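Here is a walk through one protein model, helix by helix and contact by contact. Keep the structure open while you read.

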Amino acid sequence: MPGQRPRVFSGEFKEAAVRRILAGEKVRALARELGLWPKLLYAWRNSYARGGPEALLPPGRPRTGAAPGPRPERAAGAPHRRGDPPAPDRVAELERKVGQQALELDFFARALRHIKASPRPSDGPGAAASST
């Protein structure tokens with residue numbers, strides 16, 4: 001439906017719905033009562049099982065005035081997000097990459113200087129003969 005914005009649910013709403021499911025209510029009946037798709041309730045239940053109440057927070061930036069909650073720790077190999085301190089192994093990897101790029105730039109700069117310094121052969125039309 002054009003012009004409709006997707007509904008955004010608070011973490012408290014999601015947690016209350018999940019707790020009702022865990023208490024034994026039927027998912028389809030609860031979905032009908034709340035006006036939701038059962039698939040969404042199943043997704044919330046699975047997220048809650050994996051990460052607890054923090055996993056039910058909406059993605060994206062918190063609304064203005066929202067109290068900051070505890071931040072979950074990053075798993076090893078997880079992508080770096082803005083504001084997170086970089087892991088030491090990630091810093092070392094990036095430093096190696098910068099060093100490799102510096103070597104490549106130095107190599108190509110010397111090669112370019114060598115090409116510019118070498119005289120061009122004069123074997124085109126009108127050039128002097130190599131033998132008399």
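## Ser10, ahead of the helices

Ser10 is partly exposed, because its relative accessible area is 35% and the band for that label lies between the buried limit of 20% and the exposed limit of 50%. You'll find Ser10 in the segment before H1. Bear in mind that this is a predicted model.

## The overall layout

Zooming out, the protein has 4 helices and 0 strands. Reading along the sequence, you get the pattern α-α-α-α. The protein has 132 residues, and 14% of them count as buried.

How about contacts that span the sequence? Taking the contacts in the protein with a separation of 6 or more, 45% come from residues 24 or more positions apart.

## The nonpolar core

The largest nonpolar core is built from 12 residues. Phe9, Ala17, Val18, Ile21, Val27 and Leu30 belong to this core, and so do Ala31, Leu36, Leu41, Trp44, Tyr48 and Leu56. Which elements give two or more residues to this core? They are helix H1 (11–22), helix H2 (27–34) and helix H3 (38–51).

Setting aside residues up to four places away in sequence, Leu30 touches Ala17, Arg20, Ile21, Glu25 and Leu41.

## H1 against H2

Two packed helices are described by the angle between their axes and the distance between the axes. For H1 and H2, the axes come within 10 Å and cross at roughly 145 degrees. The crossing of H1 with H2 is right-handed.

On the H1 side of this contact are Phe13, Ala17, Arg20 and Ile21, and they meet Val27, Leu30, Glu33 and Leu34 in H2. Sorted by class, the contact of H1 with H2 has 6 nonpolar, no polar and 2 charged residues.

## H1 against H3

Next up is the pairing of H1 with H3, whose axes come within 9 Å and cross at roughly 90 degrees. H1 is therefore roughly perpendicular to H3.

H1 brings Phe13, Lys14, Glu15, Ala17, Val18, Arg19, Ile21 and Leu22 to this contact, where they meet Leu41, Trp44, Arg45 and Tyr48 of H3. By class, the residues of the contact of H1 with H3 split into 8 nonpolar, no polar and 4 charged.

## H2 against H3

The axes of H2 and H3 come within 9 Å, and they cross at roughly 115 degrees. So H2 also counts as roughly perpendicular to H3. The crossing of H2 and H3 is right-handed.

Which residues of H2 meet Pro38, Leu41 and Tyr42 in H3? Val27, Arg28, Leu30 and Ala31 do. The contact of H2 with H3 divides into 6 nonpolar residues, no polar ones and 1 charged.

## Ser47 in H3

Staying with H3, take a look at Ser47, which is part of this helix. Is Ser47 buried or exposed? Ser47 counts as buried because its relative accessibility is 19%, and the label applies under 20%.

Leaving out residues up to four places away in sequence, Ser47 touches Gly52, Ala55 and Leu56.

## Pro53, past the end of H3

Pro53 lies in the loop between H3 and helix H4 (88–117). With a relative accessible area of 34%, Pro53 is partly exposed.

Not counting residues up to four places away in sequence, Pro53 touches Glu15 and Tyr48. Glu15 is among the H1 residues that meet H3, and Tyr48 is among their H3 partners. The C-alpha atoms of Pro53 and Val18 are 9.6 Å from each other, with the two residues 35 apart along the chain.

Key
Residues numbered from 1 in each chain as written. Predicted model: local features only at pLDDT ≥ 70, side-chain atom pairs only at ≥ 80, totals over all residues. Heavy atoms only, no water. Core = buried A, V, L, I, M, F, W, Y, C linked by side-chain atoms within 4.5 Å. Buried < 20%, exposed > 50% of the residue type's maximum accessible area, 1.4 Å probe, protein only. Contact = heavy atoms within 4.5 Å. Axes fitted to C-alpha atoms, helices over the stretch in contact; angles between N-to-C directions. Parallel < 35°, antiparallel > 145°, perpendicular 65-115°, else oblique. Left-handed = near helix turned anticlockwise from the far one by under 90°. Nonpolar A, V, L, I, M, F, W, Y, C, P; charged D, E, K, R; others polar.
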